[in-house]
Amino acid sequence: MGQGPFEHRDSGARESKPLNDAHACSEEMMGSLKLYPVKKVEIIVGGDHLKFVKDLLDDVRVSGYTIIPNVSGKGHSGFHEGHLMFNDVNTLVMVITVVPDSWVETILSGLTPLFERYSGVVFVSDVQVSRREYFGAREEQAAGSQAGPSGPV
């Protein structure tokens with residue numbers, strides 16, 4: 001029997017399984033996939049402060065981030081509509097990045113001046129990644145767990 005594009009064949013003598021069989025596939029793959037603990041930082045700010053957040057994360061040398069524009073939701077100041085026609089500045093944006101634990105304090109310190117004057121929120125969560133070298137681990141290991149700048153930007 002040939003191996004189709006959505007089949008997985010392990011090295012044993014068992015038959016191949018379709019990759020869309022999530023339960024069977026996840027049990028088999030989780031045993032071989034190594035996960036590493038990191039921190040996920042989610043920052044929600046007004047669109048007019050996006051440049052500040054991007055500059056901070058670039059200065060900290062995060063390996064990447066995701067920007068979600070036009071965030072809608074309800075907070076302490078009421079409901080925020082996500083999409084305003086022809087106006088990205090008056091909307092909320094969410095910036096998500098994943099970094100080693102030792103970088104979080106630097107990011108939070110860098111955001112302090114922004115949050116002292118303007119509204120916004122930061123969420124920091126424990127997460128696990130399969131490829132830690134994509135998330136600053138190489139720099140952290142090379143610098144003896146002191147990657148990123150030594151203080152706020």
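Student: How many bridges join S3 to strand S8, and which way do the two run?

Tutor: First, the general idea. Strands (E, at least two residues) and helices (H or I, at least four) are DSSP runs, numbered from the N terminus. Two strands pair if DSSP finds at least two bridges between them. Here, ten bridges join S3 to S8 (residues 120-129), and the two run antiparallel. One case: Glu42 has Phe123 in S8 as its bridge partner.

Student: What kind of model is this, and how are residues numbered?

Tutor: This is a predicted model, with residues numbered from 1 along each chain as its sequence is written. Local features need pLDDT of at least 70, side-chain atom pairs count only at pLDDT 80 or more, totals for chains, interfaces and linings use all residues, and side-chain values use heavy atoms, with hydrogens and water left out.

Student: What is the strand order in the open sheet?

Tutor: The open sheet has four strands in the order S4-S7-S3-S8, with antiparallel pairing. S4 and S8 are the edge strands, since each pairs on one side only. On average, neighbouring strands are turned by 20 degrees against each other, direction ignored. For such angles, axes are lines fitted to C-alpha atoms, for helices over the stretch in contact; angles run from 0 to 180 degrees between N-to-C directions.

Student: How many bridges join S3 to S7?

Tutor: Eight, and these strands run antiparallel. Ile43 stands opposite Val95 in S7. Val41 stands opposite Thr97 in S7.

Student: How many residues of S3 are buried?

Tutor: Start with the cut-offs. Buried means under 20% relative accessible area, exposed over 50%, partly exposed in between (1.4 Å probe, protein chains only). Nine of the eleven residues of S3 are buried, so S3 is largely enclosed by the rest of the structure.

Student: Which helices lie on the sheet, and which strands do they touch?

Tutor: Contact means heavy atoms within 4.5 Å. H2 packs on the sheet, touching S3, S4 and S7, and its direction makes about 10 degrees with that of S7. H3 lies across S3, S7 and S8, at about 10 degrees to S3.

Student: Which residues of H2 are buried?

Tutor: The general idea comes from helix geometry. An α-helix has 3.6 residues a turn, so residues three or four places apart point the same way. In H2 the buried residues are Leu50, Val53, Leu56, Leu57 and Val60. They cover an arc of only 130 degrees around the axis, which puts them on the same side of H2. The arc is that of the directions from the helix axis to the C-beta atoms. The cover over these buried residues includes S3, S4, S7 and H3.

Student: How many residues does the largest nonpolar core have?

Tutor: In soluble globular proteins, nonpolar side chains tend to be buried together. A nonpolar core is a set of buried Ala, Val, Leu, Ile, Met, Phe, Trp, Tyr and Cys residues joined through side-chain atoms within 4.5 Å. The largest has 17 residues; Ile43, Val53, Val62, Val99, Ile107 and Leu111 have the most contacts inside it. Strand S3 (36-46), H2, S7 and helix H3 (104-117) each give two or more residues to this core. The largest share, five residues, comes from H2. Apart from this core lies another, of five residues, among them Ile44, Val71, Leu92 and Met94.

Student: What does Leu111 contact?

Tutor: Leaving aside neighbours within four places in sequence, Leu111 is in contact with Ile43, Phe52, Val53, Leu56 and Val122.

Student: Is Thr97 buried or exposed?

Tutor: Thr97, in strand S7 (residues 92-99), counts as buried at 3% relative accessibility. A polar atom of the Thr97 side chain lies 2.8 Å from the backbone oxygen of Gly64. Beyond four places in sequence, residues that Thr97 touches include Lys39, Val41, Leu57 and Tyr65.

Student: Where does Arg61 lie, and what is its phi?

Tutor: Arg61 lies in the loop between helix H2 (50-60) and strand S4 (66-71). Its phi is positive, about 70 degrees, although Arg61 is not a glycine. Arg61 is exposed, with a relative accessible area of 52%. Asn70, in strand S4, also has a positive phi, near 55 degrees. Asn70 is partly exposed, at 25%.

Technical notes:
Polar contact = N/O pair within 3.5 Å; in protein donor to acceptor, adjacent residues only side chain to side chain.
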